[in-house]
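The sequence and the model are shown first.

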Amino acid sequence: CCTAGAEGYDGITTKVHIRMTLQKYTVLWWSDQISWENAFTGIEGALCRNTTVTSGGRYRVKAVYTVYSGSASEEITSTSLEKKYTP
């Protein structure tokens with residue numbers, strides 16, 4: 001399961017938006033395979049999604065979190081450690 005979550009501050013955060021992308025290493029760079037996103041009203045949100053991957057492939061998850069306080073926002077990007085899929 002690919003998982004990403006964010007939590008803001010009570011009384012300050014009004015919405016959380018998460019865009020999570022599964023990336024596969026191909027020769028010299030990471031290529032996007034599939035993305036999921038959702039917006040959550042309130043101070044927190046989390047995504048957990050499943051997908052099929054190729055045996056022997058090297059994968060990672062990139063997540064972009066946008067946290068809102070009214071019309072102001074802050075964006076944070078994080079990337080997981082690489083994982084080689086071997087069934």
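S31 counts as buried because its relative accessibility is 18%, and the cut-off for buried is under 20%. The model is a predicted one. S31 belongs to strand β3, which covers residues 29-41. Its side chain makes a polar contact with the side chain of Q33, at 3.1 Å. Beyond the neighbours within four places in sequence, S31 is in contact with L22, Q23, K24 and T26.

## Lys24, a buried charge

K24, one of the contacts of S31, sits in strand β2, residues 15-26. K24 is buried and has no salt bridge. The nearest side chain of opposite charge is that of E82, 12 Å away, whereas a salt bridge requires a nitrogen and a carboxyl oxygen within 4 Å.

With residues up to four places away in sequence not counted, K24 touches W29, W30, S31 and Q33, and also T54, G57, R58 and Y59.

## Salt bridges

How many salt bridges does the model contain? The count comes to two. In one, the side chains of E37 and R19 meet at 2.7 Å, N to O. This pair links distant parts of the chain, with E37 in strand β3 and R19 in strand β2, 18 residues apart. E37 counts as partly exposed because its relative accessibility is 44%. R19 is partly exposed as well, with a relative accessible area of 34%.

E82 forms a salt bridge with R58, and the closest N and O atoms are 2.7 Å apart. E82 lies in the loop between β6 (72-79) and β7 (83-84), and R58 in strand β5 (residues 58-69), so the pair ties together parts that are 24 residues apart in sequence. E82 has 42% relative accessibility and therefore counts as partly exposed. R58, at 32% relative accessibility, counts as partly exposed too. R58 is also among the residues that K24 touches.

β1 and strand β4 (residues 44-49) run antiparallel and are joined by six bridges. Within this pairing, A6 stands opposite G45 in β4.

In soluble globular proteins, nonpolar side chains tend to be buried together. Here the largest nonpolar core has 14 residues, and I18 and M20 touch the most other members. The elements that give two or more residues to this core are β1, β2, β3 and β5.

Which residues does I18 touch, not counting those up to four places away in sequence? They are A4, G5, A6, W36, E37, N38, F40, G45, A46, L47, V64 and Y65.

## Phe40

F40, which I18 touches, is found in strand β3. F40 counts as buried because its relative accessibility is 17%. Apart from residues up to four places away in sequence, F40 touches K15, V16, I18, G45, A46 and L47. The C-alpha atoms of F40 and V67 are 9.7 Å apart in space, while the two residues are 27 residues apart in sequence.

How values were computed:
Residues are numbered from 1 along each chain as its sequence is written. This is a predicted model: local features need pLDDT of at least 70, side-chain atom pairs count only at pLDDT 80 or more; totals for chains, interfaces and linings use all residues. Side-chain values use heavy atoms; hydrogens and water are left out. Helices (H or I, at least four residues) and strands (E, at least two) are DSSP runs, numbered from the N terminus. Buried means under 20% relative accessible area, exposed over 50%, partly exposed in between (1.4 Å probe, protein chains only). A polar contact is a pair of N or O atoms within 3.5 Å; within protein, one must be able to donate a hydrogen and the other to accept it, and residues adjacent in sequence count only if both atoms are side-chain atoms. Contact means heavy atoms within 4.5 Å. Lys and Arg count as positive and Asp and Glu as negative; His and the chain ends are not counted. Two strands pair if DSSP finds at least two bridges between them. A nonpolar core is a set of buried Ala, Val, Leu, Ile, Met, Phe, Trp, Tyr and Cys residues joined through side-chain atoms within 4.5 Å.
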